[in-house]
Amino acid sequence: MKAAVIGLGVEGKKALNSLLKYGWEVYATDLNVNINLDNLPISLSSVDISPQNDKISFVKDNLSIDLGFNNQEKIDSCDAVVLSPSIWGSKIAEHYKNSGKLLCDVKTKHRDIFTIGVTGTNGKTTTVSMIKEILENAGKNVLVGGNAGGGFEGYYDLILEADKQDYDFLLVEVCDMTVGFCNHCFDFDLIALTNMGNDHMNVHGSMEGYKNSLKEFFADKIIFINNNQEYKEEFRELSRLAIEYSKTDYDLDLFGKFNKLNAGLSEAITNFISENTFEIDEKIIKNTLENFKPVEGRLEVLKLNDCEIYIGKSDNSDAIKAILEEVDFAAVFIGTPRHNENHRLDILNEVVNANPEAIILFPGLEDTLDQAKFRLHALDYQGRIEIANNLDEIIGFVAEFSHNPSILIGGNGQENIIKIQDRLKEICDSFNHKENRLLFED
């Protein structure tokens with residue numbers, strides 16, 4: 001079969017790779033001739049891109065790509081159309097929504113699976129992973145994925161995989177920017193909201209805009225909301241059923257009150273399933289949550305010398321504030337956001353309010369170090385400001401501050417933060433070797 005992928009953003013590229021993996025022939029297109037094609041089985045390295053060259057085409061094996069234009073004839077010849085969620089509100093998306101040619105309408109086996117969506121600003125990946133482990137420990141076959149920004153293989157990978165095997169449950173991490181897209185592609189039996197925070201305001205415009213998109217998503221559905229959630233009465237009024245949750249009482253092997261809430265949400269959902277779908281032994285829920293380990297890239301605590309190193313993605317001001325409210329840090333390392341995400345620089349407002357001895361900036365999603373430094377100066381931060389341009393420099397600063405009680409490494413750039421985590425774990429694991437101690441004992 002042949003599919004057309006329209007839009008080569010993060011989700012579009014993930015969809016392209018998934019289609020090729022499942023044996024599809026793919027035609028892909030993006031109006032941006034300078035789109036980044038990293039992580040695709042095709043390279044721009046042999047192509048001369050210049051301002052005059054505003055249309056480029058590639059062909060390799062079962063993949064053809066047009067940049068700078070759409071070939072409508074090629075799109076129409078395909079068996080299915082894949083739209084990047086980023087263009088869901090566009091005219092071309094409106095054209096295809098009711099055409100029956102969208103991949104989610106061509107391959108529909110995923111709609112027959114009991115489907116749980118988890119959305120919100122923070123805690124989605126951890127909550128999805130907790131629910132998955134509980135259901136698997138109860139003997140169920142679970143397909144999990146969704147939001148490529150959360151580290152999964154994208155929404156379309158779920159649709160393609162569901163067509164190949166039988167699953168008891170489908171767990172979808174729903175990015176708060178893609179609720180309309182996901183509402184069309186999946187038939188949700190339950191929807192969970194972790195929280196609403198100050199993120200993706202370049203898309204939502206305001207918290208009111210974010211709230212309104214969630215209201216459309218929640219309409220006539222069974223939803224789970226925090227008992228302290230703002231707007232919960234509005235959400236309750238339009239839902240079929242609204243179930244409130246709070247922090248779990250279980251003793252978790254995770255840091256933070258926010259993880260107590262993630263676990264409380266997971267507990268509420270699996271209790272609901274146990275009461276309405278199939279019985280889950282309470283001991284399975286309890287044991288799973290109490291033994292749950294941090295998801296890669298999410299906050300965990302490493303110990304080095306006498307220092308506790310808190311490290312994990314915390315890419316908006318609400319996420320970083322929740323951490324800073326529980327621990328005093330001598331130094332805070334912050335990965336910087338993309339150029340168009342000024343609202344994510346609000347992280348620095350919270351860090352300055354905590355007043356650590358030093359703030360170390362490193363390139364996170366993009367090198368916006370100058371913008372971050374400007375924000376710190378505007379906030380009249382009086383402490384020490386340092387720049388770490390690469391992993392080795394970051395490790396050097398960790399070494400310097402590793403004799404303090406605690407330091408925090410967070411902010412933006414999940415891939416970079418995982419690299420830092422991995423390097424620090426290697427150092428911690430081999431710390432008994434003299435040659436590895438020297439750096440941190442000087």
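Predicted model: local features only at pLDDT ≥ 70, side-chain atom pairs only at ≥ 80, totals over all residues.
**Entry 1: domains**

I began with the division of the chain. The domain assignment gives domain 1 as residues 2–105, domain 2 as residues 107–291 and domain 3 as residues 300–439. I then looked up how far domain 1 lies from domain 3, and their centres, taken over C-alpha atoms, are separated by 37 Å.

**Entry 2: the annotated stretch**

I consulted the UniProt record next. Its unreviewed entry carries the annotation "domain: Mur ligase central" for residues 118–257. For residues 118–257 I noted a content of 38% helix and 19% strand.

**Entry 3: α5 and α11**

I turned to a helix pair, α5 (residues 124–137) and α11 (residues 257–276). How far apart are their axes, and at what angle do the helices pack? I found the axes 9 Å apart and an angle of about 40 degrees. This angle makes α5 oblique to α11. I recorded the crossing of the two helices as right-handed.

I then listed the residues that meet. On the α5 side they are T126, T127, M130, I131, I134 and L135, and on the α11 side N259, N262, A263, L265, S266, I269, T270 and I273. Sorted by class, this contact of α5 with α11 holds 8 nonpolar and 6 polar residues, with no charged residues.

**Entry 4: α13 and α14**

I examined a second pair, helix α13 (residues 317–324) and helix α14 (residues 346–354). Their axes are 8 Å apart, and the packing angle is about 20 degrees. Angles under 35 degrees count as roughly parallel, and α13 and α14 are therefore roughly parallel to each other. The crossing of α13 past α14 is right-handed.

Which residues make the contact? From α13 I noted S317, I320, K321 and L324, and from α14 I noted D346, I347, E350, V351 and A354. By class, the contact of α13 with α14 comprises 5 nonpolar residues, 1 polar residue and 3 charged residues.

**Entry 5: α14 and α15**

I stayed with α14 and looked up its packing with helix α15 (residues 369–378). Here the axes are 10 Å apart and the angle is about 45 degrees. With that angle, α14 is oblique to α15. I recorded a right-handed crossing for α14 past α15.

The contact residues of α14 in this pair are D346, L348, N349 and V352, and those of α15 are A372, R375 and L376. I counted them by class: the contact of α14 with α15 has 4 nonpolar, 1 polar and 2 charged residues.

**Entry 6: C428**

Where does C428 sit? I located C428 in helix α17, which covers residues 414–429. Neighbours within four places in sequence aside, C428 is in contact with L302, K303 and L304. I also looked up V332, which is 96 residues away from C428 along the chain. The C-alpha atoms of C428 and V332 are separated by 19 Å.

Conventions. Residues numbered from 1 in each chain as written. Heavy atoms only, no water. UniProt positions renumbered as here; feature names shortened; annotations may be inferred. Helix = DSSP H or I, 4+ residues; strand = E, 2+ residues; numbered from the N terminus. Axes fitted to C-alpha atoms, helices over the stretch in contact; angles between N-to-C directions. Parallel < 35°, antiparallel > 145°, perpendicular 65-115°, else oblique. Left-handed = near helix turned anticlockwise from the far one by under 90°. Contact = heavy atoms within 4.5 Å. Nonpolar A, V, L, I, M, F, W, Y, C, P; charged D, E, K, R; others polar. Domains from an automatic or database assignment.
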